[in-house]
Amino acid sequence: MGRITALIGMIKDKASQGKAALLSSNPTSKSLSFHLSVLRATTHDPSTPPANRHLEVLLSAGTGSRATAASAVEAVMNRLHTTKDACVALKSLIIIHHIVKHGRFILQDQLSVFPASGGRNYLKLSGFRDEKSPLMWELSSWVRWYALYLEHLLSTSRIMGFFVSSTSSAIHKDEYEEMVSSLTNTDLLREIYALVGLLQEACKIPDVPFCGGKSLADKIIRLVGEDYVSSVNELYTRLNEFKDRSSILSFGDRIELVCALKRLESCKERLSVVFRGIWKRAWIDGFWSLVREVKGMIGGLEDSNEQIGRRGKGYESARFTDRLVIGYGDAVRFSSGRFSSVDRFNYPVSSQTTLNVL
């Protein structure tokens, strides 16, 4: 059954790519050219993730006009919407993740506002099921989780005012820390809750498939692991800021921060297992030390766990739990955000590189 499914997938790939190649031979048909690149990047083969050369073609749309960028994003979204194959859906989601991480702003912007008006939530795949084989059934759980994770990534980016983990721009670290220091406690807490929520969603990543699809899973783990590193960098800056403000925090802000840190610590074990090797051990140990230090500095409430549990839950649900899911027609719009006039700084992500944030 598995071989027949693979053969049918190969036939579909050849047929769709051949048709698209004929149509895209028209030099004025840029959108069809992107369509062909999407087809080549999202084959039915579970053993290969999208090839870099096809991803580069799609990312190149960010160097053109807004209409060009829109054509590339539309090609990816149409592929994601119309497929019932788990491999194709996963590869389409990988392309979306690459646009968030490596795309230029004009391409990211088109992704964030698709569809332009009304329409469906383009990553809402909670009901996705591919029952063609045991492997496709197993990969379907990856599709459902990955789509939800990317929605959280976009939602968190909306709250932060920039695309988390994007490598398309840079800003001097001192200037960025100065901007963070100008934020109110409420804004800082909202951003921390969003980042912690993103890490909590990352913890829900399914187990690596046993019967195939490991290369796809490894690719996704790497991309999400890089988001993890970026999220920790963002949390590091904000926790240091709260460390400086610890003596002047209100009772309510202390409760909020303790609740956020407890949620963050609940992710520690799972994150260390799933993303082992993504970061230097000394670097991540330093981050968790900072979490414990900040928690200790505001730990006057530690002897009042009952009170925190009773009041903190109310604070969390009332102030910060309404912002993690992108609804129909929602967009990650940054043109008027507080960081729209500056670029972002980024730290390199590599198991061979020590990140100089701690």
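My entries below go from ground rules to cysteines, aromatic rings, core and helices.

**Ground rules.** I am working with a predicted model, where local features need pLDDT of at least 70, side-chain atom pairs count only at pLDDT 80 or more, and totals for chains, interfaces and linings use all residues. Residues are numbered from 1 along each chain as its sequence is written, and side-chain values use heavy atoms, with hydrogens and water left out.

**Cysteines.** I searched the whole structure for disulfides and found 0; the test asks for a pair of cysteine sulfur atoms within 2.5 Å. I then looked up burial, where buried means under 20% relative accessible area, exposed over 50%, and partly exposed in between (1.4 Å probe, protein chains only). Cys87 counts as buried because its relative accessibility is 0%. Cys259 is buried too, with a relative accessible area of 11%.

**Aromatic rings.** Rings of Phe, Tyr and Trp (its six-membered ring) pair if their centres lie within 6.5 Å; planes under 30 degrees apart count as stacked, over 60 as edge-to-face and the rest as tilted. I get 6 aromatic pairs by this rule. One of them is Trp145 with Tyr146, stacked at 5.8 Å centre to centre with 15° between the planes. Trp145 also pairs with Tyr149: the centres are 5.5 Å apart and the planes at 25°, so I noted this pair as stacked. Trp145 and Tyr149 sit about one helical turn apart because they are 4 residues apart in helix α7 (residues 134-160). For helices I take DSSP runs (H or I, at least four residues), and strands would be E runs of at least two, numbered from the N terminus. Both Trp145 and Tyr146 are buried, and Tyr149 is buried as well. Ring pairs join Trp142, Trp145, Tyr146 and Tyr149 into a cluster.

**Core.** A nonpolar core is a set of buried Ala, Val, Leu, Ile, Met, Phe, Trp, Tyr and Cys residues joined through side-chain atoms within 4.5 Å. The largest one has 96 residues, and those with the most contacts inside it are Leu93, Tyr146, Leu257, Phe275 and Phe287. I checked what Leu93 touches (contact means heavy atoms within 4.5 Å): beyond residues up to four places away in sequence, its partners include Leu80, Tyr146 and Leu150.

**Helices.** Which helices cover α6? I found α3 (52-59), α4 (66-82) and α5 (86-102) among what covers its buried residues. In α6 (residues 105-112), 7 of its 8 residues are buried. Back in α7, I looked up Thr156, which counts as buried because its relative accessibility is 0%. Leaving aside neighbours within four places in sequence, Thr156 is in contact with Val164, Ala194, Leu195 and Leu198.
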